[in-house]
Amino acid sequence: MWNWVASILSDPNTRWILLGCMLLGFSSGIIGSFTFLRRQSLMGDTLAHAALPGICIAFMLTETKSIGLFLFGALIAGIVATFGISWITRYSRIKQDAAMGIVLTVFFGIGVVMLTRIQHSASGSQSGLDKYLFGQAASMVLTDVYIMGGVCLVLLLACLLWFKEFKLVSFDPGFARGMGLPVGVLEQLILLLTVIAVVAGIQAVGVVLVAALLVTPAAAARCWTDSLALMVLLSGLFGAVSGSAGTVFSTLVPNLPTGPVTVLAATVLFIGSALLAPRRGLLARKLRSIQAKSAYIREEQATLQIGSAQPKTQKRGEL
């Protein structure tokens, strides 16, 4: 077992990919918990698709393939997308889920048009921007791991500093507003942290699948506990396990992409949690239903036996 692990970690590139995917899964799981509880699971998908035009614009302006510039462009595009969603919901009768769908399709359509334009240009063959659609974790280097570590540290510190505020905003924004908390600012802060997590994960799993790292570990963690603190911790751990499993399986099997395998590993964790969780799991609920039905049947049988054992009273007028 240890020789097998040592053989996998003997390659420096594999170590960087493993560490980077674990940090990505952990940070995405932490901030994804608040997104999941606020019923904004589509937000991560929207921000991921909105990042594509930012990446394309950064390449068109600089004509260089720089990871830092791509991430900066994706961050700006994600921030613009969040303000676009807020503007639509505030100044129109369109609800937030419809606004997110509109922003997602518009930004992704613009990004695909730009990407096609770049691929048919003179420098398009060297851009490699199509890798950002589905991710290319194999291209991670030590610098990318440092970026992932910085993102993970920022998200972790933000959630620790504003944990109580995020908790109130997630469960009862009306009560938080009554306490004098800046609910609008806190909501925008959560969106900004979500943008940062999405941008950091684009290189590993791509704009199409990065939303799964925000939603799936949080949904799996929700099956195990009712405590928000424990849910955030479990979500981060599930994300880290998914990242490590995706890296290991993609290393063992040739030509297997790391990003999609990471998403599939997170899905397996969610299915296992949905089935085996002690309180919210499907098997546990089925078992409780069977036990309740059996108890009801036993109680009915006991009632019938007691009724049949009681002596019958004579009717009035009978001898």
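Guide: Terms before anything else: buried means under 20% relative accessible area, exposed over 50%, partly exposed in between (1.4 Å probe, protein chains only). This is a predicted model: local features need pLDDT of at least 70, side-chain atom pairs count only at pLDDT 80 or more, and totals for chains, interfaces and linings use all residues. Residues are numbered from 1 along each chain as its sequence is written, and side-chain values use heavy atoms, with hydrogens and water left out.

Visitor: Ala-197, buried or exposed?
Guide: Ala-197 is buried, with a relative accessible area of 1%.

Visitor: And what does Ala-197 touch?
Guide: Leaving out residues up to four places away in sequence, Ala-197 touches Leu-24, Ser-28, Ile-31, Leu-155 and Leu-214. Contact means heavy atoms within 4.5 Å.

Visitor: Which helix holds Ala-197?
Guide: Ala-197 sits in helix H10, residues 183-222. Helices (H or I, at least four residues) are DSSP runs, numbered from the N terminus.

Visitor: New topic. What are the end C-alpha atoms of H3 doing, how far apart?
Guide: They are 33 Å apart. At 1.5 Å a residue, the 22 residues of H3 (41-62) should span 32 Å, which agrees. The expected span is 1.5 Å times one less than the number of residues.

Visitor: What comes just after H3?
Guide: Glu-63, with a positive phi of about 55°.

Key. Helix = DSSP H or I, 4+ residues; strand = E, 2+ residues; numbered from the N terminus.
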